[in-house]
Amino acid sequence: MVRPALRSRSKRRVWRRVPGGKVKVFYERNYVYEAYCAVCGRPLGGVPRDIRVIRYGPKTAKRPERPYGGVLCSTCLATAIKLSIRS
Ligand SMILES: [Zn+2]
């Protein structure tokens, strides 16, 4: 049996094939990550919650490809664009 700290379900269990050919259980931390809009504070769409994508994934997978993508939500961006044009 694994050590007591790893018996907790707060750790994520991942089965990986090791170089010897066996499949072993790896215990990973559960990451909670969520990006929020800088203006209204709502969770952003199009931004992955998986920290592995944020850290190691391609840049195009990390945020929407538009101005202020990953910073402002679509509603706040529309408002900001309207304000900048009208001013
Ligand atoms: Zn917003």
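What does the secondary structure of the protein chain come to? The points below take up this matter and what follows from it.

1. The structure is a predicted model. Its secondary structure comes to two helices and two strands, and from the N terminus on these elements run β-β-α-α. The mean pLDDT of the protein chain is 92, and 100% of the residues score at least 70. Where pLDDT is low, predicted coordinates should not be read in detail.

2. **Overall dimensions.** The radius of gyration of the protein chain is 20 Å, whereas a compact globule of 87 residues would have one near 12 Å. Along the principal axes, the C-alpha trace spans about 65 × 25 × 10 Å. Buried residues account for 2% of the 87 residues. Of the contacts between residues at least 6 apart in sequence, 21% join residues at least 24 apart.

3. **Domain division.** The protein chain is divided into domain 1, residues 1-30, and domain 2, residues 31-87. A distance of 33 Å separates the C-alpha centres of domain 1 and domain 2.

4. **The strand pair.** How do β1 and β2 run, and how many bridges join them? Strand β1 (residues 11-17) and β2 run antiparallel and are joined by seven bridges. K11 stands opposite R29 in β2, while R17 has V23 in β2 as its bridge partner. The hairpin of β1 and β2 has five residues between the strands, and G21 in this hairpin takes a positive phi near 100°.

5. **Exposure of the strands.** Are the strands covered or in the open? Of the seven residues of β1, the number buried is zero, so β1 lies largely in the open. Strand β2 (residues 23-29) also has seven residues, of which the number buried is zero, so β2 too lies largely in the open. In a regular strand, side chains alternate between the two faces of the sheet.

6. **V25 as a case within β2.** V25 is found in strand β2. Why does V25 count as exposed? The reason is its count of 10 C-beta neighbours inside 10 Å, since a residue with 12 or fewer is classed as exposed. Leaving aside neighbours within four places in sequence, V25 is in contact with R13 and W15. V25 and R13 are twelve residues apart in sequence, and their C-alpha atoms are 6.3 Å apart in space.

7. **The segment before β1.** R3 is found in the segment before β1. With 7 other C-beta atoms within 10 Å, R3 is exposed. R3 and G20 are 17 residues apart in sequence, and the C-alpha to C-alpha distance between them is 23 Å.

8. **Y36 in the loop between β2 and α1.** The loop between β2 and α1 (51-56) contains Y36. This residue is partly exposed, with 13 other C-beta atoms within 10 Å. Not counting residues up to four places away in sequence, Y36 touches G41, R42, P43 and L44. Y36 and L72 are 36 residues apart in sequence, yet they are 7.8 Å apart in space, C-alpha to C-alpha.

9. **Y68 in the loop between α1 and α2.** Y68 is found in the loop between α1 and α2. What is the phi of Y68? It is near 60°, a positive value in a residue other than glycine. Most residues other than glycine have a negative phi.

10. **Helix α2.** Helix α2 comprises 13 residues, residues 74-86. At 1.5 Å a residue, α2 should span 18 Å, and its end C-alpha atoms are 18 Å apart, which agrees. The helix is hardly covered, as the count of buried residues among its 13 residues is zero.

Definitions and conventions:
Residues numbered from 1 in each chain as written. Predicted model: local features only at pLDDT ≥ 70, side-chain atom pairs only at ≥ 80, totals over all residues. Domains from an automatic or database assignment. Helix = DSSP H or I, 4+ residues; strand = E, 2+ residues; numbered from the N terminus. Rg over C-alpha atoms; globule rule 2.2 N^0.38 Å. Buried ≥ 20, exposed ≤ 12 C-beta atoms within 10 Å, placed from the backbone. Contact = placed C-beta atoms within 7 Å. Expected span 1.5 Å × (residues − 1). Pairing = 2+ DSSP bridges. pLDDT = per-residue confidence, 0-100.
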